[in-house]
Amino acid sequence: MSGVPSRARWGLVLLVGLGVLSLVAGRLFPDWLANTCPLGVDPMRPDRTVCELAFGGLWVSLAVGLCAGGLATLIGLLVAAVARLMGGAWEQTLLRGVDAVFALPDVLVVMVLQLAGQSLADAGHSGGLGPFGLMVASLALVGWAGPARMFRNRLATLEGQEFVAAARALGGGGTHVLRVHLWPALRPFALAVFLSRLPTAILTESTVSFFGIARMEPMSLGRYLGTSYAALIYEGGSRVVLPAWALLVLLVLGASLASQALSASPRKAT
């Protein structure tokens, strides 16, 4: 951790802390959380406390972000590697396709994919994807283009380094150079790209769930907020909504700080 910028360190600490808190409070000891919650019962769901719903939603939102961010990063890395290995006109054609996907509006496309997936599930053709899997797949399908562009540009920069030219002069093929010489230099950047997908995936899922398009069960923070904002009309209703908003803001802030600092670090090193 000594070489990690301070902003990234604080962002990672915040992310890990929220993950551990949601795991311990929301999953491992839910009864203790329910009995000690200082915010009381949710007036919209009298059988659950605000703490149970908020920390349960935090766990689901974080899990969606991690899975969707990881899958989108992996797809983007594979597409970028294939593009660089093919080169020439094939690479340019593939990049035009990447640009076309990147230009699509994330939230709107995820809404369409959610409605299409739910219609197939209602017709008995879900393909084994539940609400969680459908959301992760939808976010990954719209989120891989950005990482693909970033990985492609990073690979092109690394390939201009002297150690890569030396490896090729010694007879190293494209796949060998990518696996042995480029991947070790690409790993810190891959972590930064992965973290950069987290806030986008979490915010997109929260927006789609807030408007009732996604049927996330158990509820994510976005779905919880979307079904609980009516509590604001009651006296003391802010105790229901504000904790979930605060957790969502902290979650996105942690991922953003970590990704911004880590993405700046490799550029300084080159």
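Figure 1. Of the contacts in the chain with a separation of 6 or more, what share comes from residues 24 or more positions apart? In this predicted model, such residues account for 74% of those contacts. The chain's secondary structure comes to 11 helices and two strands. Taken along the principal axes, the C-alpha atoms fill a box of roughly 70 × 50 × 30 Å. The chain has 270 residues, and 44% of them count as buried.

Figure 2. Is Thr49 buried or exposed? Thr49 is buried, because its relative accessible area is 9%, and the cut-off for buried is under 20%. Leaving aside residues up to four places away in sequence, Thr49 touches Ala34, Cys37, Gly40, Val41 and Asp42.

**Figure 3. The largest pocket and the helices that line it.** About 260 Å³ of space lies in this pocket, the largest. Its lining is made of 17 residues, and the closest to the pocket centre are Gly117, Gln118, Ala121, Leu129 and Leu134. Two elements give two or more residues to the lining, namely α5 (106–122) and α6 (131–143). Of these, α5 gives the most, with seven residues. Sorted by class, the lining of the largest pocket has nine nonpolar, seven polar and one charged residues.

Figure 4. How far apart are the end C-alpha atoms of α6? They are 18 Å apart, which agrees with the 18 Å that the 13 residues of α6 should span at 1.5 Å a residue. The buried residues of this helix are Leu134, Met135, Val136, Ser138, Leu139, Ala140, Val142 and Gly143. What covers the buried residues of α6 includes α3 (50–86), α5, α7 (145–158) and α9 (174–210).

**Figure 5. Met111 on helix α5.** Met111 is found in helix α5. Met111 and Met135 are 24 residues apart in sequence, while their C-alpha atoms are 9.7 Å apart in space. Not counting residues up to four places away in sequence, Met111 touches Val208, Phe211 and Ile213.

Figure 6. Take Leu251 as a guide: beyond residues up to four places away in sequence, Leu251 touches Leu15, Leu18, Leu58, Ser61, Leu62 and Ile202.

Figure 7. Why is helix α10 largely enclosed by the rest of the structure? Seven of the eight residues of α10 (residues 221–228) are buried, so the helix is largely enclosed. The buried residues of α10 are Leu221, Gly222, Arg223, Tyr224, Leu225, Gly226 and Ser228. Ser220 has its place in the loop between α9 and α10. Ser220 counts as buried because its relative accessibility is 0%. Setting aside residues up to four places away in sequence, Ser220 touches Gly57, Val60, Ser61, Glu205 and Ser209.

**Figure 8. Gly172 in the loop between α8 and α9.** The last stop is Gly172, placed in the loop between α8 (162–169) and α9. Is Gly172 buried or exposed? Gly172 counts as buried because its relative accessibility is 19%, with the cut-off for buried set at under 20%. Gly172 and Glu162 are 10 residues apart along the chain, and their C-alpha atoms are separated by 14 Å. Not counting residues up to four places away in sequence, Gly172 touches Ala167 and Val177.

Methods: Residues numbered from 1 in each chain as written. Predicted model: local features only at pLDDT ≥ 70, side-chain atom pairs only at ≥ 80, totals over all residues. Heavy atoms only, no water. Buried < 20%, exposed > 50% of the residue type's maximum accessible area, 1.4 Å probe, protein only. Contact = heavy atoms within 4.5 Å. 1 Å grid on protein atoms, 1.4 Å probe; cavity = no way out; pocket = protein on both sides within 12 Å on 5 of 7 lines; lining within 4 Å. Points joined across faces, edges and corners; volume = space filled by probe spheres on them. Helix = DSSP H or I, 4+ residues; strand = E, 2+ residues; numbered from the N terminus. Nonpolar A, V, L, I, M, F, W, Y, C, P; charged D, E, K, R; others polar. Expected span 1.5 Å × (residues − 1).
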